[in-house]
Amino acid sequence: MRFLNNYIRPVIGQIPIAELNAHHVFDTIISSYQNKPNTAEKCLTVISSFWKWSRAKGWAEGENPADRKGSLGVLLEPYKNNNPALAPEDIPDFFVALRGMDTSSARLTEFLILTAARSKMGRLLKWTDIDFKKKLAIVDESSVKTKGKGKHTIFLSDQAIDLLKNLHAECEWVFPNIKRKPFSDATPGDVIRRLHEESIAKGGRGWIDPEQSEQKGKPVVATVHGTARSSFKTWTRTGENRKTLDEEAVELCMAHNLKDAYDGAYNRAKLESERREVMQAWADYCYSKIKA
């Protein structure tokens, strides 16, 4: 109730649901969109859910005003703060550098990129979540951004399985810190920054987002979120990958909803074989410059 009173009702509380549009939603979230993204995301989730319920009741129709793929996305585009990411062509060289770093935090970073996973999905992974025989990891819904779909399944490539088998099961967490607790959300970013500094020290250009670096006129260090998500997605839509990799499988690998008029509510296809193909192809590419 406090969340509604603080962030939503003061802006759109008096607007009839049938009259609510993307501009109203924009006004509601813009103050927190860049500085408090989690707050903005919660606002969108609440507004979107209420609007869907209203549509089901026959009180609203047309475009969901809280859908970022619709008019709202156009309004937010100038304010979008994309997470810096490596260019897909830099990924194999980055993995060579990453594999040279012998720490649990480096293996966490490697796993996140290898599985196109969000930070929380890897940091809070437990050994009981791993099924080596079936080659999959089950992520609790609490670690998945898209709610209401239950647990998320990560189909593990051969390389991901090897990575996990080479770890020491010292506690319940797959990637524990020195205190045998989950790493903080900042840890993977620290790994990339350290590798960036080592690259610069050796005369390299570092591990940067080339587009954002050019736009801002200075090096912009890549993030693990941008690399695990944006670099992966871009790679799947590049060249032959666009033809050979199933687009819906890619979205499911990223724990995204399949979009339709009802946000994929009637699409129950798991596309397991297609998702395994995507994950294995990505892993083969990531490790393409690492000698067996």
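1. A salt bridge is taken here as a side-chain nitrogen of Lys or Arg within 4 Å of a carboxyl oxygen of Asp or Glu. Lysine 243 and glutamate 240 meet this rule, with their closest N and O atoms 3.6 Å apart. Both lysine 243 and glutamate 240 are exposed, where exposed stands for over 50% relative accessible area, buried for under 20% and partly exposed for values in between (1.4 Å probe, protein chains only).

2. The model is predicted: local features need pLDDT of at least 70, side-chain atom pairs count only at pLDDT 80 or more, and totals for chains, interfaces and linings use all residues. Residues are numbered from 1 along each chain as its sequence is written, and side-chain values use heavy atoms, with hydrogens and water left out.

3. On the overall fold, the protein has 14 helices and 3 strands; these are DSSP runs numbered from the N terminus, helices being H or I with at least four residues and strands E with at least two. The protein has 292 residues, and 45% of them count as buried. Among contacts (heavy atoms within 4.5 Å) with a separation of 6 or more, 62% are between residues 24 or more positions apart.

4. Accessible areas come from the Shrake-Rupley method with a 1.4 Å probe; for residues, only the protein chains shown count as cover.

5. Side chains of opposite charge can pair when their charged atoms come close. The salt-bridge count for this model is 14. One of them joins glutamate 110 to arginine 107, with 2.7 Å between the closest N and O atoms. The two residues are about one helical turn apart, because they lie 3 residues apart in helix H6 (residues 104–114). Glutamate 110 and arginine 107 are both buried.

6. Lysine 135 pairs with aspartate 158 in a salt bridge whose closest N and O atoms are 2.4 Å apart. Lysine 135 sits in the loop between strand S1 (130–131) and strand S2 (136–139), and aspartate 158 is in helix H8 (residues 158–165), so this pair ties together parts 23 residues apart in sequence. Lysine 135 is partly exposed at 26% relative accessible area, and aspartate 158 is partly exposed at 41%.

7. A nonpolar surface patch is formed by Phe50, Trp53 and Trp59, with about 370 Å² of accessible area together. Patch residues have over 30% relative accessible area and no salt bridge; like charges are joined within 9 Å, and nonpolar side chains (Val, Leu, Ile, Met, Phe, Trp, Tyr) within 5 Å. Tryptophan 53 belongs to helix H3 (residues 37–57) and is partly exposed, at 42% relative accessible area.
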